[in-house]
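Hi everyone, thanks for coming. Let me put the model on the screen, and then we can walk through a few parts of it together.

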Amino acid sequence: MLEIKNLHAEVDGHEILKGVDLMVRAGEVHSIMGPNGSGKSTLAQVLAGRETFTVTEGEVVYDGKNLLEIAPDERACEGVFMAFQYPVEIPGVGTSYFLRTALNAIRKYRGQEEVDAVDFLNLARERAKLVDLDERLLNRSVNEGFSGGEKKRNEIFQMAVLEPRLAVLDETDSGLDIDALKIVADGVNKMRSPDRAIIVVTHYQRLLNYIVPDFVHVLVDGRIVKSGGKELALELEETGYALMGENTAGTNRRPVAVGAP
Amino acid sequence: MVGLIEKQNSYVSGFDGFRAARAGEPSWLRTLREEGMDRFSHLGFPTLDDEDWRFTNVEPIAQASFRLGARPVRSLDRQRLERCTLPGVGGAEIVFVDGWFAPALSSLGTLPRGVKIVDLTDCVRSGEGILRAHLGRYAAISKDAFIALNAAYMAVGALVYIPRAVVLEGAIHMLFISTTDSAGTMTHPRNVIVAEENSQAAVVESYVATGDEEYFTNAVTEVVAGENSVLDHYMIVRDSLRSFNVSTLRVEQQRNSNFTSHSALLGGGLVRNNVHPVLNGEGCQSLLNGLYLLSGRQHMDNFMLVEHAQPHCDSRQFYKGIIDDEGRAVFSGRIIVHKNAQKTDAKQTNMNLLLSDKAQIDTKPQLEIYADDVKCTHGATIGQIDADALFYLRSRGLSQEAARSLLIYAFAGESLERMKLEPVRKELEKLLVSRLPTAASLGRHS
């Protein structure tokens, strides 16, 4: 579904991604881990289409299309979703209204019938349960006054409503206590499906105890330096990232997609 | 201040004919007019050297030499009228066309006992005591050329009187329409609104154009909010883009009165809206809620002067502006807290959203505090559409235009939400949406 080839990206003249290669297939859950500043969040945002980042080299192929040439809203319509690391508050824009508008924009793009307010509310209520999100938050402005945990759950809730084909979760676990973490992980797990690919970007291994990945990649200094199965995450937990950084020179650049034919 | 004395001659010389045509008026009114013209002759129109007019150039008004319009010959057709009225406003509607009362278009149906909504000229003719008691008592001519000019030429407007303890259902709509016959003319509407003790009412003042003529409206509305009264006032300006609209709302608040004025400046080429409440009794509450939308080359100047004359009063100013193209907006928020006005609680916020490179806003708070136990805060923001919020919405599938429109609407939303009168709020929501790039895709409401 997604193939990233030699992706280089910069912001404000600083190169952050220095040749990222990654292949993700439908049904798979990939985790991208790495130390602070390695480019994890940059990678997620480049996939979402954030214009503050400039791609200087490489390509991203999604469903056979050149993703980098598609505008952010079109990427959403094509089924790409990013759960933000720092979801912004948008006073004056109702959560329910915004999400319904988004869902209908995507449905219209796909030639599907739009959902009316009543049907949407029922859908929203049902999906809100997946992440234990208080229904009342639907009446509030987007993320306004939401606690950290509520903001993160709101991201997964939106994912549940929009049903993307490629979901990129940017440090969805950061700042959450263990209970909130479990709820978020639970919600994500419920979204797993053979038609959907999920990329979990995380700094901490802990989340991966709950969202068990099929593949783990380690991003250090803008490159994926090691790939493996879920055991790799546990290994990192023990040894930390330092070893990865030291071993960069000797590690193969192309990630090994474990178990791939 | 020396004004444009040479240039305002036509306004001075035109008074002779006007005065002669009104020889039958009572002497108290003639005196008000004479004093007004005398003062205006002395002051002249303000120039850019006048601190209160620093950013607003009224020389075009002086140059244009507007004249008084003749009584309309034909009646305004229903279709055009419908575009100007506020559906569902209930209550009563008093309509003025091109500076003349239009009884046929007004609906002053069944009003509760004692409530009066009377055209100014009829009031004068019938010797209405209430008018004489209040007209000209609050809006001072001494330093204000526009108020002085209005005092000289006032000939159209309404007296709205709510007796003691009457709670009025349905709002009163004072509708001033400028048609295609208004080209080159000026009107000086003067309204007097008196809400007696314990009364409650909502009054809407609209200025609407059916064409795009060049005309000059100089309105003064004097309001007396009686003790413990609750009065909501709405000012809606939808004038032609080539017109000049100067208005003054002078409010006298008595003890424990609760006064709110909402203003929505949407139309007009050059608009200056002065709002001057004087909190002249203990325990008053005053809320000034304003929204201004500029595009093209519109110029809108909001001038507030909130006077805390007595202790224990609260005042709030929430003004929001959305400026596009080459619009130029001004906000001056002056608060005077007099020496004995202890325990004053005053707050002023002005927020501006600039949508283009050439959009401009000049915002200036001015706090003059003479008491020593008060709470006074002011804040102003000037910003553009939040890039993070825009991206967030786009990442969920909303197009650039749809996301932008939603954020612009959200910005104005706060101001609209404060407007409790549903017909006004709904009409403004509609007007706002129609001015956004993707009006169609915003399927309101959820």
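Axes are lines fitted to C-alpha atoms, for helices over the stretch in contact, and angles run from 0 to 180 degrees between N-to-C directions. What you see is a predicted model, where local features need pLDDT of at least 70 and side-chain atom pairs count only at pLDDT 80 or more, while totals for chains, interfaces and linings use all residues. Residues are numbered from 1 along each chain as its sequence is written, and chains are lettered from A and ligands numbered from 1 in the order in which they are written.

Now find helix α9 (residues 400-417) and helix α10 (residues 422-434), both of chain B. They pack at an angle of about 165°, with their axes 11 Å apart. Angles under 35 degrees count as roughly parallel, over 145 as roughly antiparallel, 65 to 115 as roughly perpendicular and the rest as oblique. So α9(B) and α10(B) are roughly antiparallel to each other. Two residues are in contact if their C-beta atoms, placed from the backbone, lie within 7 Å. Here Y409(B), A412(B) and L416(B) of α9(B) meet R425(B), L428(B), E429(B), L432(B) and V433(B) of α10(B). By class, that contact has six nonpolar, no polar and two charged residues. For the classes, Ala, Val, Leu, Ile, Met, Phe, Trp, Tyr, Cys and Pro are nonpolar, Asp, Glu, Lys and Arg are charged, and the others, Gly among them, are polar.

Another helix pair in chain B is α2 (residues 27-43) with α7 (residues 145-153), at an angle of about 145° and with axes 7 Å apart. The contact of α2(B) with α7(B) divides into nine nonpolar, one polar and three charged residues.

On to strands. Two strands pair if DSSP finds at least two bridges between them. In chain B, strand β19 (residues 345-354) runs parallel to strand β17 (residues 314-323), and ten bridges join them. Across that pairing, Q317(B) stands opposite Q348(B). Nine bridges join β19(B) to strand β21 (residues 375-383) of chain B, also parallel, and there N350(B) has A380(B) as its bridge partner.

Is β19(B) enclosed by the rest of the structure or open? A residue is buried if 20 or more other C-beta atoms lie within 10 Å of its own, exposed if 12 or fewer, and partly exposed in between, with C-beta atoms placed from the backbone. Seven of the ten residues of β19(B) are buried, so the strand is largely enclosed.

N245(B), found in strand β12 (residues 244-253) of chain B, is buried too, with 26 other C-beta atoms within 10 Å. Leaving out residues up to four places away in sequence, N245(B) touches Y207(B), T217(B), V237(B), D239(B), G268(B) and V271(B).

Over in chain A, there is an open sheet of six strands in the order β6-β9-β10-β3-β11-β12, with mixed pairing. Its edge strands are β6 (80-83) and β12 (223-228), each pairing on one side only.

Finally, how many residues does each chain give to the contact? Chain A gives 25 residues and chain B gives 17 residues. On the chain A side, α2 (72-77), β7 (90-94), α3 (95-109) and α5 (148-162) each give two or more residues, and the largest share, eight residues, comes from α3(A).

Notes. Helix = DSSP H or I, 4+ residues; strand = E, 2+ residues; numbered from the N terminus.
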